[in-house]
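User: I would like to learn how to read a metal site and a pocket in a model. Please start with the terms.

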Amino acid sequence: MALISVTNCNKIEDYKQAVQHAGGEVRIVQHGLDVRDALKGADGLLLTGGDDLAPSRYGEPAHPTVVEVAPERDEFEIALVAEARRQGMPIFAICRGIQVLNVACGGTLVQDIPSQVGTSLNHALKVPPHTSFEYAHEIWLENDSLLSKLLQERLNGSDSVSVNSRHHQAVKELAPGFRVVATAPDGIIEAIEDPAMPFCLGVQWHPENFWRTGEFRPLFEGFLEAAARTSASR
Ligand code: MN
């Protein structure tokens, strides 16, 4: 069974359930731990959701809407990404996770979608926890991507799916070597991947909220398969 190091966050339960329902084992890791110890014996790294990264991490002054920066968490997770990539370890990055992944690899972020992009789509849907799987908008997928391959059955010939959405930031300048593999109809980047790695995928929505019904279980299953496979060869 693949062991996944999962970064701690305020809503950890759904991430745990999603990994476990796809057949993986979870180890929660957080700042204070040595980065190599946090990944020791693990087969994959799952980056979870949370508050904003400090914009200084990508060389920008903070927009007034940037909230609750936690420098220790930023530091720890950026170092985790570097170490996991150095080891060739599969990475699955969700919400804040896609932002950490992009910044750790040299990209930048839109600091506040409503005031900096101007869109009629609501990406920051306010929903109570028990309806966290409520759909907010659709995304358009690149059809030759790892993401669309994993969602093939669900897509059933189409190139769009509906997703939930609880973010006010997004990927702006893409990290070198990465590609955008899903966008919202307003152009906001919703998923990125690094084709040079065995599995390095970031998504801006919350697939873990669907663990009960399984709409996005193939993402976790594909991640765990890659983790088991690359672990055997590492
Ligand atoms: Mn969105």
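Analyst: Buried means under 20% relative accessible area, exposed over 50%, and partly exposed in between (1.4 Å probe, protein chains only). This is a predicted model, in which local features need pLDDT of at least 70, side-chain atom pairs count only at pLDDT 80 or more, and totals for chains, interfaces and linings use all residues. Residues are numbered from 1 along each chain as its sequence is written, and side-chain values use heavy atoms, with hydrogens and water left out.

User: Which residues coordinate the manganese ion?

Analyst: Donors are N, O and S atoms within 2.8 Å of the metal (3.2 Å for Na, K and Ca); water is not among the atoms, so sites may look incomplete. Here H123 (ND1), H137 (NE2), S165 (OG), H167 (NE2) and E190 (OE) coordinate the manganese ion at 2.3 Å. Their spacing along the chain is H-x13-H-x27-S-x1-H-x22-E.

User: Where do H123 and S165 lie?

Analyst: Helices (H or I, at least four residues) and strands (E, at least two) are DSSP runs, numbered from the N terminus. H123 is in the loop between helix 5 (113-116) and strand 6 (137-141), and S165 is in the loop between strand 7 (160-163) and strand 8 (170-171), so the pair ties together parts that are 42 residues apart in sequence.

User: Are H123 and S165 buried or exposed?

Analyst: Both H123 and S165 are buried.

User: How do the residues of the lining of the largest pocket divide?

Analyst: On a 1 Å grid over the protein atoms alone, a pocket is an open set of points with protein on both sides within 12 Å along at least five of seven lines, and lining residues have an atom within 4 Å of a point. Nonpolar covers Ala, Val, Leu, Ile, Met, Phe, Trp, Tyr, Cys and Pro, charged covers Asp, Glu, Lys and Arg, and the others, Gly among them, are polar. The lining of the largest pocket has 13 nonpolar, 14 polar and 13 charged residues. Helix 1 gives the largest share of that lining, four residues.
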